[in-house]
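Trainee: I'm new to this one, and I'd like to know where its labels come from. Can we go through it together?

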Amino acid sequence: MSSRYAFSKSLKELRFLLCQTSETSGTLRSFLSKSYPVMKKHNPYTPIMIREAFGIEPKVFARYELGKEVSEPLSGLSEREIEEKVSALAKPSSLLKPREGDAVAQ
């Protein structure tokens, strides 16, 4: 678990959006209560933010150097699937593969 949360140096910020009460955010709340301390311990200088808003669908945003930002929806995923998404975003390879629909700055 610990090596999965060793973030790339190009990752500048990790931001989670979730609802405080909805069932769709329940798995993310559970994941964060277990994994946040481990992520922060292994990445003390990377901001890991948790933003709560009523009725919002759970999402994770990763901001990289040069302002590149990628988001992933987390609705309906298990804790293991959420962990896989976060681990994938924390690796530098996620910067190199633009996804369909991603905005490209010009």
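Trainee: How many helices and strands are there in the chain?

Mentor: This is a predicted model, and its chain has three helices and four strands. Starting at the N terminus, they run β-α-β-β-β-α-α.

Trainee: Why is P58 called buried?

Mentor: Buried means under 20% relative accessible area. P58 has 1% relative accessibility, so P58 counts as buried.

Trainee: Where is P58 found, and what is P58 in contact with?

Mentor: P58 sits in the loop between β2 (48-52) and β3 (59-64). Setting aside neighbours within four places in sequence, P58 contacts L17, L18, T24, S25, L28, P73, L74 and S75.

Trainee: What makes β2 and β4 edge strands?

Mentor: Look at the order in the open sheet: β2-β1-β3-β4, with mixed pairing. β2 and β4 (69-73) each pair on one side only, and that is what an edge strand does here. On average, neighbouring strands of this sheet are turned by 20° against each other, ignoring direction.

Trainee: How do you know that β3 and β4 pair?

Mentor: Two strands pair if there are at least two bridges between them. β3 and β4 have five bridges, in the antiparallel sense. Within that pairing, F61 stands opposite S71 in β4.

Trainee: And which strands does α2 touch?

Mentor: α2 packs on the sheet and touches β1, β3 and β4, with its direction at about 170° to that of β4. As for α1, that helix lies across β1 and β2 and runs at about 155° to β1.

Trainee: Which residues of α2 are buried, and why are they on the same side of α2?

Mentor: In α2 (residues 79-89), the buried ones are I82, E83, V86, S87 and L89. They cover an arc of only 160° around the axis, so they end up on the same side of α2.

Trainee: Which residues have the most contacts inside the largest nonpolar core?

Mentor: That core has 21 residues, and the ones with the most contacts inside it are F7, L14, F16, L28, F31, M39 and V86. β1 (11-18), α1 (26-42), β3 and α2 each supply at least two residues of this core. Take L14: apart from residues up to four places away in sequence, L14 touches F7, M39, P47, I48, M49, V60, F61, A62 and V86.

Trainee: What share of the chain is buried?

Mentor: Buried residues make up 37% of the 106 residues.

Terms used
Residues numbered from 1 in each chain as written. Predicted model: local features only at pLDDT ≥ 70, side-chain atom pairs only at ≥ 80, totals over all residues. Heavy atoms only, no water. Buried < 20%, exposed > 50% of the residue type's maximum accessible area, 1.4 Å probe, protein only. Arc of directions from axis to C-beta. Contact = heavy atoms within 4.5 Å. Core = buried A, V, L, I, M, F, W, Y, C linked by side-chain atoms within 4.5 Å. Axes fitted to C-alpha atoms, helices over the stretch in contact; angles between N-to-C directions.
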